[in-house]
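Please keep the sequence and the structure in view while reading.

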Amino acid sequence: MSDTSHAVGGAMDGCHPVVEISTTVNGRKVKRSVPNHYRVIDFVREELKLTGNKEGCGAGECGTCSMFVDGKLIKSCLAPVQKIDGRVVETIDDLDRDAGMTLMQRAFHKCGASQCGYCIPGMVMAATSTLRRNPQASRDEIKEGLGGNICRCTGYQKILDAVELARDVNNGSQPSSALEENAQATSFIGQSTRRLDAPAKVTGAIKYAADMFMPNMLHMQVVRSPHPHARILRIDSSAAKALSGVECVLTCDDVPGVDNFGVFIEDQPTLARGVVRYVGEAVVAVAAETLDIARAAVKLIRVDYEVLPALFDRHLAMQPGAVQLHDFAANNICKHTRIRKGDVDAALASADLIVEQTYDTQAVEHAYLEPEAGLAYLEPDGCVTVHSPSQNITHHRHMLAKILGRPINKVRMIMSTVGGGFGGKEDMIYQGMLALAAIKTRRPVRYVFTREESIKVSAKRHPFNIRYTMGLQRDGRIVATKMVMVSDGGAYALSTPGVMNKSAILGPGPYDIPNVWVDAIGVYTNNTPSGAFRAFGAFQSEFATESHLDLCAQRLGMDPVALRRVNLMRDGATTHTRQQLDRVLAVECLDAAVKAAGWDAGVPHRQGEGHPPRQDLNGPGNRPPYLAGGRTASWTPQVKHRGRGVACGWYGIARTAAMDRAAVWVELDDGGTVKIATGVTEIGEGVLTGLCQIAAHEMGVRPEDIVLGDNDTARVPEAAHAGATRMTYMIGNAVALGCREAFGKFRSAMGAYWGVSAESVHAYAGEVWVEGSAAKRMSMEHAVHVLKKERGIVIVGSGLFTSAHTPLHPETGAATPWQSYVFGTHVAEVQVDDDNGEVQVLGVWAAHDVGRVVNPQQVEGQIEGAVVMAVGHALMEEYVQINGHTTTAAFAKYILPTALDVPHVTSVLLTEPDPKTPLGVKGIGEPAMTPTAAAIVNAIYDAVGIRMTRLPATPERVMEALAAKRAAAQEAAAAAAASSPAPAAPSPATADGTQPA
């Protein structure tokens with residue numbers, strides 16, 4: 001079968017009629033002639049270069065483009081430019097031109113309401129509009145006002161706190177001092193130091209890749225495959241090349257080096273080479289003078305395809321005779337990870353109870369608010385430089401050098417500010433095209449994805465099918481676990497091998513199980529590639545384990561907390577990979593969470609078993625249920641049923657089963673400041689602020705005295721990628737070691753200057769003194785001056801932190817995959833409406849062993865964000881594909897949690913320092929993700945007696961399960977009545993764990 005793909009119609013010359021617009025923007029009158037198809041967001045960003053307001057979706061769904069026109073809040077991506085002619089426009093860029101930050105922006109800064117920051121300008125505008133309408137707005141009215149704005153990072157809780165703070169200060173119920181920095185303590189570690197990047201984010205001043213402009217800049221667009229699997233027969237780009245303003249057209253033939261790349265397996269071409277393997281794969285790239293010309297050019301490119309048989313089912317893809325998508329992957333298996341411990345078959349044979357169930361998790365879109373973007377250019381020395389929000393600039397540089405056929409020192413990666421990553425920006429899916437275009441044209445080239453392009457092309461969370469078998473004793477002790485997990489890896493490997501490893505290692509959970517069998521199999525298909533996503537496979541496998549444990553608790557008639565407490569690892573436990581642990585805080589996390597939640601012990605869905613109902617519902621720590629229009633409703637247990645669920649989790653910190661490292665350089669600089677150079681890649685979690693706190697603590701200065709050089713492979717030592725919850729753990733420890741070396745030199749030099757021992761010299765917050773001497777004291781600025789001018793000393797240091805992990809044995813999985821683990825427990829309370837299947841998560845109590853805490857506010861923010869992301873995964877989010885084509889390619893169809901959906905989150909931090917690291921820190925970005933979805937699903941069962949084994953638990957699926965439960969109950973009652981006139985005994989649980997009424 002053959003096919004020819006090309007578009008017709010439109011403005012083939014890239015030209016459009018223009019319209020003259022006269023308007024007032026941020027108090028300044030402007031008059032411009034612009035293309036008549038421009039929207040307000042185009043006029044503001046592209047014409048006026050006011051980039052504070054962002055474009056996140058182009059469809060009015062995310063709110064990042066929110067601005068005021070004649071004082072009214074609008075979604076500027078939906079408004080044609082003609083709408084502002086003769087009107088007054090107000091953008092985030094100059095919201096408070098006199099004071100620098102408005103009261104609202106200061107409140108966002110104070111409350112830690114900004115993480116990646118991409119949504120924040122729109123949030124600030126919507127919050128400002130809400131309080132302009134009603135200065136006394138309640139929290140529920142504030143939620144309603146922000147309901148049209150999406151945040152993927154924060155979990156909304158701190159955003160809502162910020163708006164309430166701004167309201168209260170404005171109304172005088174709180175003093176203006178409530179906006180100030182907290183009082184200085186005796187250590188900068190452990191303090192909620194405000195994010196150093198927040199002022200630039202809340203004002204829109206910080207630049208993301210799509211905000212960058214350069215003189216003589218070209219614009220890129222890409223022809224992408226309309227087929228999931230096809231052979232490329234011919235590419236005719238002659239018409240596009242002839243179009244005025246087109247500077248280059250690229251295909252795979254323009255790649256000068258070795259044209260394959262990948263995170264674990266180098267199986268992906270820069271542009272499709274001979275074959276396309278998924279819908280949206282890049283085939284041809286165009287760089288042109290304007291975006292309109294580039295879009296017109298791609299419509300002129302003709303690609304002839306021969307459509308090939310495609311694989312969409314991962315199980316069928318492994319069958320003999322299936323089409324082979326990659327020659328090196330027999331049976332289309334990308335990765336098979338095995339964990340073998342003990343004798344599972346013998347243990348199951350001796351078990352008192354065997355429980356079997358199958359679980360399915362869905363493909364999930366990262367939905368970072370910043371679509372992929374980048375800017376590439378050639379420097380005068382011939383070095384090609386790429387700015388992009390890459391989570392792994394080190395690896396991307398290595399791959400680019402090979403693709404471009406250039407020495408690695410002639411390739412430079414600079415990570416632009418990242419508007420959300422969550423693992424999705426670890427993949428180098430467009431930087432190679434940008435670099436090639438810059439080299440070929442010798443001009444800067446920028447490429448910005450549309451939201452639809454981002455969703456269609458970028459990697460997804462791996463969907464898993466998990467067959468679970470667990471054997472237990474009557475007292476609840478687990479004797480054996482068997483998990484067979486098959487995952488859809490999509491067309492290219494990306495992070496599939498790593499995801500299979502982590503899902504297998506962590507899948508059986510933080511439990512002391514003597515006999516374990518795990519198979520984790522990642523399969524190539526012609527679906528959108530799957531890749532790294534927050535919690536990296538552990539989310540899926542631990543969801544199954546924690547759901548299964550509740551099913552086991554129901555079968556045993558046990559409290560689910562008690563079942564977990566019997567089995568949790570303790571000090572000295574041996575893991576599933578036969579690693580012996582020393583300190584284990586799993587039980588402590590469980591106890592802390594259930595104490596905070598006030599857990600009422602008993603079997604799940606006890607009312608369905610004829611037991612008295614729970615006594616811990618509708619208490620403190622919950623939000624009220626939400627109704628449309630900013631209203632909340634009281635609990636009506638006849639229709640709206642509440643329940644609680646619990647789930648535990650664990651997570652290994654830093655790279656999996658592989659050596660991990662991070663390096664820094666430190667210099668004590670003029671003015672008593674400190675320069676830190678390290679390749680850290682901040683993706684919104686706040687690591688830059690945390691590193692400044694660590695450096696300030698170690699060097700005796702203040703966080704604002706730190707100058708942090710980062711994100712540039714030409715200027716800083718390697719610190720590797722942003723992922724694996726490794727940032728504070730790896731780079732923070734490297735910073736501490738580098739600062740300790742530098743400060744040791746400083747103490748020695750100052751001791752020599754003062755004629756005292758080095759140990760007697762101390763420094764804090766920019767002051768240096770000798771212990772016990774009032775006379776020997778000076779500022780750090782003066783001390784640096786003395787050492788440089790009088791003694792000729794420049795204080796420098798370096799730090800290297802290495803975390804040694806051993807690889808998995810290929811047959812048994814035996815290894816030391818990580819040296820440090822984080823444990824955690826979540827309790828969730830939900831309300832289920834049996835009229836419409838709606839599930840609202842009202843409260844989550846999250847206890848985690850986080851090690852020594854650098855910044856409590858940021859740790860809480862990571863937990864809150866992870867919980868809300870997991871709420872989306874549990875109840876609403878699903879990337880749907882039919883025969884390789886997505887039906888959810890926009891935020892209007894891909895449903896995300898908003899401020900109206902989020903629970904109140906109570907974070908409980910266990911702060912025992914990790915003895916394996918210099919600082920005692922661990923991490924929390926991913927561990928906080930793993931328990932939430934299972935806790936929610938377990939709470940649904942507790943509320944209404946239906947066990948949701950497939951995510952997400954949408955209202956439709958909840959209603960189907962409720963209907964099936966009622967039908968089973970009626971059938972059981974009819975059968976009982978037919979067999980005996982006596983009252984029937986309660987029916988046993990069905991195979992999927994549903995308890996008939």
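The pairing of β13 with strand β23 (residues 516-524) is antiparallel and runs over eight bridges. Within β23, W517 is the residue opposite R340.

## A four-stranded sheet

Another open sheet consists of four strands in the order β26-β34-β35-β38, and its pairing is mixed. Its edge strands, β26 (640-652) and β38 (904-910), each pair on one side only. Neighbouring strands of this sheet are turned by 15° against each other on average, direction ignored.

Strand β35 (residues 839-849) pairs with β38 in the parallel sense, over seven bridges. Opposite H848 stands L909, a residue of β38.

## Helix α17

Which elements do the buried residues of α17 pack against? They pack against α16 (560-567), β26, β34 (821-833), β35 and β38. The buried residues of this helix are A586, V587, C589, L590, A592, A593, V594 and A597.

Helix α17 (residues 586-597) has twelve residues, so at 1.5 Å a residue it should span 16 Å. The C-alpha atoms at its ends are 17 Å apart, which agrees with this expectation. Just after α17 comes G598, which takes a positive phi of about 65°.

## Cysteines

A disulfide is a covalent bond between the sulfur atoms of two cysteines. How many disulfides does a search of the whole structure find? The search finds zero. C552, for example, is in no disulfide, and the nearest cysteine sulfur, that of C648, is 14 Å away. C552 counts as buried because its relative accessibility is 0%, where buried means under 20%.

C739 is likewise in no disulfide; the nearest cysteine sulfur belongs to C692 and is 9.9 Å away. With a relative accessibility of 0%, C739 also counts as buried.

## A proline in a loop

P371 is found in the loop that lies between β15 (364-365) and β16 (373-378). Is this proline buried or exposed? At 6% relative accessibility, P371 counts as buried.

Leaving aside residues up to four places away in sequence, P371 touches E55, G56, Y118, F449, T450, R451 and S454. P371 and V88 are separated by 283 residues in sequence, and the distance between their C-alpha atoms is 29 Å.

## Confidence of the prediction

The mean pLDDT of the chain is 94, and 96% of its residues reach 70 or more. Over residues 6-13, however, pLDDT stays under 50, and the model has 13 contacts beyond four places in sequence for this stretch.

How values were computed
Residues numbered from 1 in each chain as written. Predicted model: local features only at pLDDT ≥ 70, side-chain atom pairs only at ≥ 80, totals over all residues. Heavy atoms only, no water. Pairing = 2+ DSSP bridges. Helix = DSSP H or I, 4+ residues; strand = E, 2+ residues; numbered from the N terminus. Axes fitted to C-alpha atoms, helices over the stretch in contact; angles between N-to-C directions. Disulfide = S-S within 2.5 Å. Buried < 20%, exposed > 50% of the residue type's maximum accessible area, 1.4 Å probe, protein only. Expected span 1.5 Å × (residues − 1). Contact = heavy atoms within 4.5 Å. pLDDT = per-residue confidence, 0-100.
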